[in-house]
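Subject: Structure for you to look over, with notes

Dear colleague,

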Amino acid sequence: MEEILRQQIEKIVPLTDDEFRLVLSHFSVGNYKKHQYIVQQENPVPYVHFVVKGLLKSFYIDKSGKNHVLQFAMEDWWITDNQGFYNNQNATLNIDCLEDAQTYYITLEDREKLCNELQKMEFFFLQKMTAGNIALQNRILSLMSKNSEERYIQFIQLYPDLIHRIPKTLIASYLGISRETLSRLWN
């Protein structure tokens, strides 16, 4: 399990064994069951999670009670409510497990300590945040400019493994379309 985290970091910055031990000392391991929440709206957001095993989703429940899926996070991905985590605010999003999951998680305080102790980790986290912002920008542009079929095709191309792990209702919510529209596209 440790090797998965090390490989994730070393895609961006090399680490000696001593440096990786330092990195690991700032993380904790979380084990979660299917349907378990790791972040809930209106509650503090103490951690950012690196997914080692399993599948999670972040979603927002609007005032009418409708769920809006923002993100799925499978193995080798990071997930949190960024606004709550980085601004020390209560969550606006929920994050729950679609499958049993195992994560490495870190507090903001430990993340800042780690970056001070090992400068290359600051670069790593900056690269991960930049990639996340680019993905979010692309997702927003897709929702604004592509029709439902184009969004569905893009989802299959970007995430071919997820199509079989996620219920159609959640994929439809992520794509901003109805379940019925997705069923027509699926066939």
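In which hand, left or right, does H6 pass H7 in their crossing? Before the answer, two remarks on the basis of these notes. The model is a predicted one, in which local features need pLDDT of at least 70 and side-chain atom pairs count only at pLDDT 80 or more, while totals for chains, interfaces and linings use all residues. Residues are numbered from 1 along each chain as its sequence is written, and side-chain values use heavy atoms, with hydrogens and water left out.

**Helices H6 and H7**

The crossing of H6 and H7 is right-handed, where right-handed means that the near helix is turned clockwise from the far one by less than a right angle, and left-handed that it is turned anticlockwise. On the H6 side the contact is made by Arg 151, Tyr 152 and Phe 155, and on the H7 side by Ile 171, Tyr 174 and Leu 175, contact being defined as heavy atoms within 4.5 Å. Two packed helices are described by the angle between their axes and the distance between the axes. For helix H6 (residues 148-158) and helix H7 (residues 168-175) the angle is about 115 degrees and the axes are 10 Å apart; the axes are lines fitted to C-alpha atoms, for helices over the stretch in contact, and the angles run from 0 to 180 degrees between N-to-C directions. Helices (H or I, at least four residues) and strands (E, at least two) are DSSP runs, numbered from the N terminus.

Ala 172 also belongs to helix H7, and it counts as buried because its relative accessibility is 2%; here buried means under 20% relative accessible area, exposed means over 50%, and partly exposed lies in between, with a 1.4 Å probe and protein chains only. Leaving aside residues up to four places away in sequence, Ala 172 touches Ile 177, Ser 178, Arg 179 and Leu 182. Ala 172 and Val 69 are 103 residues apart in sequence, yet their C-alpha atoms are 8.8 Å apart in space.

**Helix H5**

Ser 142 lies in helix H5 and is buried, at a relative accessible area of 5%. Residues up to four places away in sequence again set aside, Ser 142 touches Arg 151 and Gln 154, and Arg 151 is one of the H6 residues that contact H7.

Leu 141, also found in helix H5 (residues 119-145), is partly exposed, with a relative accessible area of 40%. Together with Leu 136, Ile 140 and Met 144, Leu 141 makes a nonpolar surface patch of about 390 Å². Patches are made of residues with over 30% relative accessible area and no salt bridge, like charges being joined within 9 Å and nonpolar side chains (Val, Leu, Ile, Met, Phe, Trp, Tyr) within 5 Å; accessible areas come from the Shrake-Rupley method with a 1.4 Å probe, and for residues only the protein chains shown count as cover.

**Salt bridges**

Side chains of opposite charge can pair when their charged atoms come close. The structure holds nine salt bridges, each being a side-chain nitrogen of Lys or Arg within 4 Å of a carboxyl oxygen of Asp or Glu.

One of them joins the side chains of Asp 96 and Lys 57 at 2.8 Å, N to O. This pair links distant parts of the chain, with Asp 96 in strand E7 (residues 94-97) and Lys 57 in strand E4 (residues 56-61), 39 residues apart. Both Asp 96 and Lys 57 are buried.

Another salt bridge is formed by Arg 6 and Glu 10 (3.3 Å, N to O), which lie four residues apart, about one turn, in helix H1 (residues 2-10). Arg 6 is buried, at 12% relative accessible area, whereas Glu 10 is partly exposed, at 34%.

Glu 109 and Lys 113 meet in a salt bridge as well (3.5 Å, N to O), and they are separated by about one helical turn because they are four residues apart in helix H4 (residues 108-117). Glu 109 is exposed, with a relative accessible area of 53%, and Lys 113 is partly exposed, with 37%. Salt bridges that share partners also join Arg 6, Glu 10 and Asp 17 into one network.

**Two loop residues**

Most residues other than glycine have a negative phi. Glu 42, which is not a glycine, has a positive phi of about 75 degrees; it is found in the loop between strand E2 (37-39) and strand E3 (47-53) and is exposed, with a relative accessible area of 58%. Asp 76 likewise has a positive phi, near 80 degrees, and lies in the loop between strand E5 (67-73) and strand E6 (78-79), where it counts as partly exposed at 24% relative accessibility.
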